[in-house]
Amino acid sequence: MYPKKYENLIETYSQRYEVDKNLIFAIIKAESNFKEKAISKKKARGLMQLMDKTALDIAKKVDIEIKENEVEEKILDSDININLGTKYISLLIKKYENVPVALAAYNAGSGNVDKWIEKGTIKKDGTDIENIPYKETNNYVRKILRDYRIYNKIYN
């Protein structure tokens with residue numbers, strides 16, 4: 001139920017970007033259930049379900065050259081996808097200074113999360129994360145936090 005597929009890649013990139021590897025396992029479990037070639041209805045791709053634009057933006061930050069006409073194929077590669085996805089969540093954690101709000105931004109986008117914080121819908125410290133107004137994102141954050149706790153319990 002709680003696999004550790006792609007462990008070597010997750011270990012490498014979680015150390016490089018200073019993100020708990022069990023959080024990455026939990027994100028991949030929720031996003032794609034470890035299906036490397038997964039593509040969502042919204043065209044998010046790969047293990048960590050990255051949107052093309054996000055992947056291109058993050059690739060520039062980690063010195064991976066991806067051309068726009070090849071992004072759809074490249075981000076289905078497990079190594080590239082885990083590299084970019086782990087870097088992306090690390091940037092969100094640094095920006096929001098906590099995991100639950102970073103997870104909300106990973107799912108709903110930073111623009112939405114910034115608006116929610118600005119309007120007082122949620123607090124930047126994540127103490128009222130249950131107030132996320134998007135049901136899908138609210139459930140997403142809860143699911144990943146639950147699976148993250150389970151991964152820590154099983155493997156730590």
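**Exercise 1. Find which helix supplies the largest share of the lining of the largest pocket, and describe that pocket.**

Step 1. Start with the share: α6 gives four residues of the lining, the largest share. Helices here are DSSP runs (H or I, at least four residues), numbered from the N terminus. The model is predicted, with local features needing pLDDT of at least 70 and side-chain atom pairs counting only at pLDDT 80 or more, while totals for chains, interfaces and linings use all residues. Residues are numbered from 1 along each chain as its sequence is written, and side-chain values use heavy atoms, leaving out hydrogens and water.

Step 2. Check which helices supply at least two lining residues each: α6 (99-108) and α8 (135-155) both do.

Step 3. Now the volume, which is about 470 Å³. A pocket is an open set of points on a 1 Å grid over the protein atoms alone where a 1.4 Å probe fits, with protein on both sides within 12 Å along at least five of seven lines; lining residues have an atom within 4 Å of a point. The volume is the space filled by probe spheres set on the points, which are joined across faces, edges and corners.

Step 4. Look to the centre: of the 20 lining residues, Lys42, Ala44, Met51, Tyr106 and Asn107 are the closest to it.

Step 5. Sort the lining by class, and you get ten nonpolar, seven polar and three charged residues. Nonpolar covers Ala, Val, Leu, Ile, Met, Phe, Trp, Tyr, Cys and Pro, charged covers Asp, Glu, Lys and Arg, and the others, Gly among them, are polar.

**Exercise 2. Work out how α2 sits against α5.**

Step 1. The axes of α2 (residues 21-31) and α5 (residues 78-96) come within 11 Å and cross at roughly 110°. Axes are lines fitted to C-alpha atoms over the stretch in contact, with angles from 0 to 180 degrees between N-to-C directions.

Step 2. So α2 is roughly perpendicular to α5 (65 to 115 degrees; under 35 is roughly parallel, over 145 roughly antiparallel, the rest oblique).

Step 3. List the contact (heavy atoms within 4.5 Å): α2 brings Leu23, Ile24, Ile27 and Ile28, and α5 brings Ile82, Thr86, Ile89 and Ile93. That set holds seven nonpolar residues, one polar and no charged.
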